[in-house]
Amino acid sequence: MKSTRRRILLHALPTTAALLLTPAGAQASDDTNIPSWDRIPRPAVRQDGYRNRIATEISNFGWKTFLGDLHVHSRGHTFGLVQPNVNRSEVHDAGYLFGFDFLAITNHATSWSDADEDASIFQYSDQVDTFGQPQYMGLKGSEDYVGPDDVGHATSFNRPLKKNSSLNDWHIAILDKYSADPTASVHVQLNHPATPDPYFQLPSTNQPGQPTWVNWNATTIAKVRDAIALAEYTGLPSYFELLRRGFRVAPTSNSDLHAAFRQEVEFDHNPFNDIFLERANGQWVMPYFEEPGVPRELIWGHITAHNRTGVVMPFGTSWNYENFLTALRNRWVFRTAHPRSSGFFMSGGLPMGSEMTLQSTSPLSFTVWGTTLNALAGDGTQWTKLEVWSPHSPDQPLHVEEFNDPSLLNLKRTFSLMPYESVYVIRLEQAMGSDVLMAPVWITNPLPKPTIDFNTSTTQVQRGAQIPIMSINGVSGSYIVQRANRAEGPQDWRTVKTTTQPVHFIDTTHLPKRSWWRVIDSAPPNAATNVVMLTVTDALDVTLPPPVDPPTEAGTVALHWNHTTPIRAAYYVSRDNGWNWTKVDEEVHSLNGRAWRFKSWQWGDDTVMIKVVDTANASLFGSTTPFPAKTRAPDWFPAHVASMAL
């Protein structure tokens, strides 16, 4: 595969002198004013680190993972006149001592202070690991307000925007501070996007009142898109919506912790915070509450309480600020719900986060790795599931693998998919329920999906007089023909046949009045065609409601049918997919339609079909798809009768 994103070679970047985490005369506005007895004690030495190695068998000893937090606040908000504050150096000291590889202080642009202005863009700890790399890197960013009524927040790094503006002004500010060199550019993260509408949009057209130097075209829009590399993960729906809107964002996971007084933690309307205000025997029920730089799991006691943002780099790459910015620009980023777990994958020979152009119509290869630092069999960190998703097919994953091996602590899986999608997202799940979501790969020229059409422009046929012919285009090998009997709600897709022929003749003998058809490419499953509705013009319209569990009356199904002219209907049931039918009821009068109740529990543990037939014209009928009959009779029905079939 060919990469289409311009990349800056890591080994060619300059090295910036380290700024040590030592007190440097904090500004008066940066004094800590939160009592020490409300703050968790710091350990005397660094607890441990999170960095690990992954994909170690590939060239140059694989990749190295770094885990941290890109969204904390050394200052907070209160309804009083005194604002809570923790000195920035104390926040970084906590981040270092509690094991973060990196941590970013991102105070609000609406309350930007001299202390924020004077703080270093980045700084290192003076301690190094066994490879001579700094054990900790502290960053500065600005959490910017975007849009009316505080509707959107976004963090800017390296060249902070410090904006409280409209969406259009925000776009212009990003463009103004963008550079193709990631070390000279602004970097943007979309913070806590809402579901289902994450608000954020890329620029599309020129807006009134913007500077004359701004011209929104493909080139300038691509620059803004390139600068916005990250998005905090609030769930697949909002993340997929951002990807559908054209953002090239890797998922992150941060704490958004603020400096806070004990008396104000109740104001976030979170009932779980009330415990911080309760006393028992004169002592606080929980002596410490959340603060920036301290992992949440130390307060709440469960290891998945505090998610992490992960960054990966080739193993030989130096851990420094310049290379970190390059990794962000390359989207070498993942989010993890477990503070020691990491994920990484290669696709078409390129790492996650890449944009690629297909050079052939062959299947696209994927190799996925997952690892957890210091994992032990049976501790819940074993990998249990791998999923591949497309934001344009959000109802179900394109590819799923499940594992049941308590010793699967280091995962490696290789598979291939036909590249029909423009974006691929990979998720790994662990036994304890935690997961890792990795940056996507983007494909500029995905293969066209298979399509179907019928031999009639109206897709209407007369039963017995016309045979509909489905043509399948754009598939190679075998494919699966599927049919559904409802357009809305839970579609009951059923496989009709698997074939290699490009033409499929449809048997209308037992079709309902309307049916929906599609084709699934068998490699990969769920790469579906368009959906086409087929209408049988001389059929009764017979439908079953979506499954109800539990049913309103045990074992009773309400079937609906209608027709344009009145008919006297008879009802038949089949247990063998329509080969043999048993008459079970008949109407006394002619009707245009009816909701007819069928007591399926009298048919035992079986799968049945129902057919409605015009007693005056047996060729006019409609039938249901097979459905399971209920086996439990109502409590009022005699047991010896319930065991008998009609």
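Q: Two strands pair if DSSP finds at least two bridges between them; what makes β27 and β29 a pair?
A: β27 and β29 (residues 469-473) are joined by four bridges in the antiparallel sense, and F454 stands opposite M470 in β29. Strands here are DSSP runs of E, at least two residues long, and helices are runs of H or I, at least four long, both numbered from the N terminus. The model is predicted, so local features need pLDDT of at least 70 and side-chain atom pairs 80 or more, while totals for chains, interfaces and linings use all residues. Residues are numbered from 1 along each chain as its sequence is written, and side-chain values use heavy atoms, without hydrogens and water.

Q: Why are β27 and β32 placed at the edges of their sheet?
A: The open sheet has the order β27-β29-β32. β27 (451-454) and β32 (503-505) each have a single partner strand, so one side of each lacks a neighbour in the sheet.

Q: Why does T509 count as partly exposed?
A: Buried means under 20% relative accessible area and exposed over 50%, with partly exposed in between (1.4 Å probe, protein chains only). T509 has 36% relative accessibility and therefore counts as partly exposed.

Q: Why is the pair of F240 and W389 called tilted?
A: Rings of Phe, Tyr and Trp (its six-membered ring) pair if their centres lie within 6.5 Å; planes under 30 degrees apart are stacked, over 60 edge-to-face and the rest tilted. The centres of F240 and W389 are 5.9 Å apart and their planes stand at 45°, so this pair is tilted. F240 in helix α5 (residues 236-244) and W389 in strand β21 (residues 383-389) are 149 residues apart.

Notes
Two strands pair if DSSP finds at least two bridges between them.
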